Amino acid sequence: MKNELTLSISGREINFKTGESLFSPSAPDRGTKAMLRHACITPDDRVLDLGCGWGYVSAYACAAGAARVDACDLDSRAAAAARENLERAGFKVRVIESDGLDAVEA
């Protein structure tokens, strides 16, 4: 079963598709929202979204203007969902299937 969400990030409406097998499929979780309330992303920043799930944090970082965003998740379904969501939104993010930082290169 797929969930579809439209979320406002930096004044832009972004559509996300998630699935019941992914973490927090119906909305960003409270911890993520709390973290992003305190995030200060600048155009010089490089962001790694470790455990990217369906790509919400990566989209937030892109919308905030980060210079480079990389996303990784161990779950191939999560990486595929993030890749699809971010591409559909027009964001350039390197999405990697990785167990932690194992496959992530600088």
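**Figure 1. Contacts across the chain of the predicted model.** Among contacts (heavy atoms within 4.5 Å) in the chain between residues at least 6 apart in sequence, 49% join residues at least 24 apart. This is a predicted model, in which local features need pLDDT of at least 70 and side-chain atom pairs count only at pLDDT 80 or more, while totals for chains, interfaces and linings use all residues. Residues are numbered from 1 along each chain as its sequence is written, and side-chain values use heavy atoms, with hydrogens and water left out.

**Figure 2. Order of the helices and strands.** The chain holds three helices and five strands, where helices (H or I, at least four residues) and strands (E, at least two) are DSSP runs numbered from the N terminus. Read from the N terminus, these elements follow the order β-β-α-β-α-β-α-β. Along its principal axes, the C-alpha trace of the chain spans about 40 × 35 × 25 Å.

Figure 3. Alanine 59 lies in helix α2, which covers residues 56–63. With 0% relative accessibility, alanine 59 counts as buried, a term that stands for under 20% relative accessible area (1.4 Å probe, protein chains only). Not counting residues up to four places away in sequence, alanine 59 touches Ile9, Phe16, Leu86 and Phe91. Leucine 5 is 54 residues from alanine 59 in sequence, and their C-alpha atoms are 13 Å apart in space.

**Figure 4. Burial in the whole chain.** Of the 106 residues of the chain, 42% count as buried.

Technical notes: Buried < 20%, exposed > 50% of the residue type's maximum accessible area, 1.4 Å probe, protein only.
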